[in-house]
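Biologist: I would like to learn how to read salt bridges and helix packing in a model. Please start with the terms.

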Amino acid sequence: MKFNTVDVERMLLDMGQGRKYSARAMQLMLMVLLKEGSTHGYQLIRRFAQLSQNSYVPSAGAVYPALAYCATQGWVLIEEEGRRKMYSLTKEGQAYLQEQKEKCDYLMQSLTYRGRKLVWIRQMLAEHNSDEDLKAAQEQTGWLPEFVQVRHSLKQAMFEQSTASLARQAEVVAILEKAIAEIRNLPKESEKCSPNN
């Protein structure tokens, strides 16, 4: 079986050395956020927090070097505004983002996914899971409780088969590949390379 190169690249974008995202991923995500308009670095950090329900708040030590690198590539313009710096996306940056659209979509989706997952984890850890609380979590995340449960059940089923024979693992792979193909063939409902979703 060959690994899908897009999936491998997605894993690499997420993996940094002790960081939540790689430097390359951080650069792309910052540029996506700059599509909303010019802003200060602190406001970009707060936007990460907002999109991820505070599950990922990058440090200044991750954000400012990424912005500086983007500026050296001509993708981001840095303008002095008193003692602060204002960052904006250049036309070259917009063109580069368009070339990297699939990666941008994935990264921004992964950021919002972190936040949604955190909301559900908090809900599941709560002492009382009332219908009102589940409805509030659904409204906040856009996820059905059944959607969350089936994902958990799938992870549990995979765990239960983790010591199975190679033949049994092959059966599991065949079942999941069919399901994955069906899910991926569903029509896409929205574009994801926008932080406003």
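Modeller: Begin with burial: a residue is buried under 20% relative accessible area, exposed over 50%, and partly exposed in between (1.4 Å probe, protein chains only). Glu 171, at 46% relative accessibility, therefore counts as partly exposed. This is a predicted model, in which local features need pLDDT of at least 70 and side-chain atom pairs count only at pLDDT 80 or more, while totals for chains, interfaces and linings use all residues. Residues are numbered from 1 along each chain as its sequence is written, and side-chain values use heavy atoms, with hydrogens and water left out.

Biologist: What is a salt bridge here, and how many does the count come to?

Modeller: The term means a side-chain nitrogen of Lys or Arg within 4 Å of a carboxyl oxygen of Asp or Glu. By this rule the count is three. One of them joins the side chains of Glu 171 and Arg 168, at 3.8 Å from N to O. Arg 168 is also partly exposed, with a relative accessible area of 39%.

Biologist: Where do Glu 171 and Arg 168 lie?

Modeller: Helices are DSSP runs of H or I with at least four residues, strands are runs of E with at least two, and both are numbered from the N terminus. Glu 171 and Arg 168 are three residues apart in helix α9 (residues 166-184), so about one helical turn separates them.

Biologist: Which residue does Lys 101 meet in a salt bridge?

Modeller: Lys 101 pairs with Asp 105, 3.0 Å from N to O. They sit four residues apart in helix α6 (residues 101-125), again about one helical turn. Asp 105 is buried at 15% relative accessible area, whereas Lys 101 is partly exposed at 25%.

Biologist: Which parts does the pair of Glu 36 and Arg 47 tie together?

Modeller: Glu 36 is in the loop between α2 and β1 (39-40) and Arg 47 is in helix α3 (residues 41-51), so the pair links parts 11 residues apart in sequence. Their N to O distance is 2.9 Å. Glu 36 is partly exposed at 40%; Arg 47 is buried at 15%.

Biologist: At what angle do α2 and α4 pack?

Modeller: Axes are lines fitted to C-alpha atoms, for helices over the stretch in contact, and angles run from 0 to 180 degrees between N-to-C directions. Helix α2 (residues 23-34) and helix α4 (residues 60-72) pack at about 80°, with axes 9 Å apart. Under 35 degrees is roughly parallel, over 145 roughly antiparallel, 65 to 115 roughly perpendicular, and the rest oblique; α2 is therefore roughly perpendicular to α4.
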